[in-house]
Amino acid sequence: MRTRTLTLAAAAGAALLATAVLPANASGASTPTSAQEGSVSAADLLAKVTSCSQISNGKYKTDDETSATIPVCGKNGAVFWKADMDIDCDGQVTDKCNSSTDPWFQADTAFHQSDGKPLRADSLPYVVVPSSSSIWKYSGSGIKGGGVVAVIYNNKVEYAVVGDTGPTKIIGEASYATAKALGIDPDPETGGADSGVTYILFKNSQVSPIESHSAAVSLGDSLARQFVQNN
């Protein structure tokens with residue numbers, strides 16, 4: 001796994017406008033209970049991302065010490081990449097995520113809960129996108145904070161939100177809760193997966209409130225069905 005840099009968790013972005021918003025009845029984050037979420041199988045999603053139409057101007061590294069081999073790919077209604085999973089434990093201080101458990105811990109995330117607080121990495125499944133650069137600008141592809149992501153690993157699907165931004169040259173990172181739900185060691189210092197993780201980010205989507213995992217699953221399942229039909 002890579003040595004994380006201290007550039008993780010960029011400053012919070014501007015107010016976000018949604019074109020695909022699903023209000024949630026429940027307030028607050030809820031820890032995911034199932035690693036296979038929604039009605040669309042991992043196999044059906046993976047069948048649509050077997051080839052890559054590269055939309056990034058270059059490729060990303062998965063770790064500081066590796067070569068740049070990971071492109072961002074475009075599909076109808078989504079972008080995707082296949083990489084590793086490093087563990088993001090940034091955001092609210094909890095028993096699992098703090099400066100003692102995570103040497104790179106930062107008490108903020110790029111995007112915030114509806115109450116203004118940082119996200120909670122140990123209970124909310126979220127994905128880290130590379131900060132905008134000459135390689136790729138996520139906002140230019142219709143990706144925004146709170147956007148829905150289907151994270152696929154070991155034939156399991158977990159729905160997450162875009163919750164944080166990371167280094168400009170590295171890709172492949174998700175929250176403690178995302179890893180745990182997929183059966184990946186969530187330890188921020190020693191855990192993660194070296195490869196085999198697919199991230200499908202649905203364009204122009206946004207969960208409201210961002211901290212509602214149930215809303216992410218509902219909207220994600222709907223968008224996943226559209227994705228399979230349209231690709």
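In strand β8, the bridge partner of M85 is A193. This pair belongs to the contact between β3 and β8, two strands that run antiparallel and are joined by 7 bridges. The model described here is predicted. Strand β8 also pairs with β5, again in the antiparallel sense, over 4 bridges. Within that pairing, V149 has L201 as its partner in β8. Of the 10 residues of β8, 7 are buried, so the strand is largely enclosed by the rest of the structure.

The protein contains 3 helices and 9 strands. Read from the N terminus, the elements follow the order β-α-β-β-β-β-β-β-α-β-β-α. Of the 231 residues, 54% are buried. The accessible surface comes to about 9400 Å². Carbon and sulfur atoms account for 47% of that surface.

The average pLDDT is 88, and 85% of the residues score at least 70. Over residues 1-34, however, the pLDDT is below 50. This stretch still has 103 contacts in the model beyond near neighbours in sequence. Where pLDDT is low, the predicted coordinates should not be read in detail. The contacts of residues 1-34 come from a stretch with pLDDT below 50.

Strand pairing continues from β5 to β6. Strand β5 spans residues 148-153 and runs antiparallel to β6, with 6 bridges between them. V149 takes part here as well, with A160 as its bridge partner in β6. On its other pairing, β6 meets β4, residues 126-130, in the parallel sense over 5 bridges. V127 stands opposite V162 in β6. Strand β6 covers residues 156-166 and is mostly covered itself, with 10 of its 11 residues buried. In a regular strand the side chains alternate between the two faces of the sheet.

N154 is exposed, with a relative accessible area of 54%. N204 is not a glycine, yet its phi is near 55°. N204 lies in the loop between β8 (193-202) and β9. At 37% relative accessibility, N204 counts as partly exposed. Most residues other than glycine have a negative phi, and most peptide bonds are trans. The peptide bond from S208 to P209 is cis, with omega near 0°. P209 sits in the loop between β9 (206-208) and α3 (213-230).

The largest nonpolar core holds 62 residues. W81, M85, Y199, I200 and F202 have the most contacts inside this core. Two or more residues come from each of α1 (42-46), β3 (78-88), β4, β5, β6, α2 (176-181), β8 and α3. In soluble globular proteins, nonpolar side chains tend to be buried together. M85, one of the residues with the most core contacts, is also the bridge partner of A193 in β8. The surroundings of I200 illustrate how the elements meet. Residues up to four places away in sequence aside, I200 touches L45, V49, A78, V79, F80, V148, V149, A150, I152 and F227. At 3% relative accessibility, D86 counts as buried. D86 and D185 are 99 residues apart along the chain. Their C-alpha atoms are separated by 9.9 Å.

How values were computed:
Residues are numbered from 1 along each chain as its sequence is written. This is a predicted model: local features need pLDDT of at least 70, side-chain atom pairs count only at pLDDT 80 or more; totals for chains, interfaces and linings use all residues. Side-chain values use heavy atoms; hydrogens and water are left out. Buried means under 20% relative accessible area, exposed over 50%, partly exposed in between (1.4 Å probe, protein chains only). Two strands pair if DSSP finds at least two bridges between them. Accessible areas come from the Shrake-Rupley method with a 1.4 Å probe; for residues, only the protein chains shown count as cover. A nonpolar core is a set of buried Ala, Val, Leu, Ile, Met, Phe, Trp, Tyr and Cys residues joined through side-chain atoms within 4.5 Å. Contact means heavy atoms within 4.5 Å. pLDDT is the predictor's confidence in each residue, from 0 to 100.
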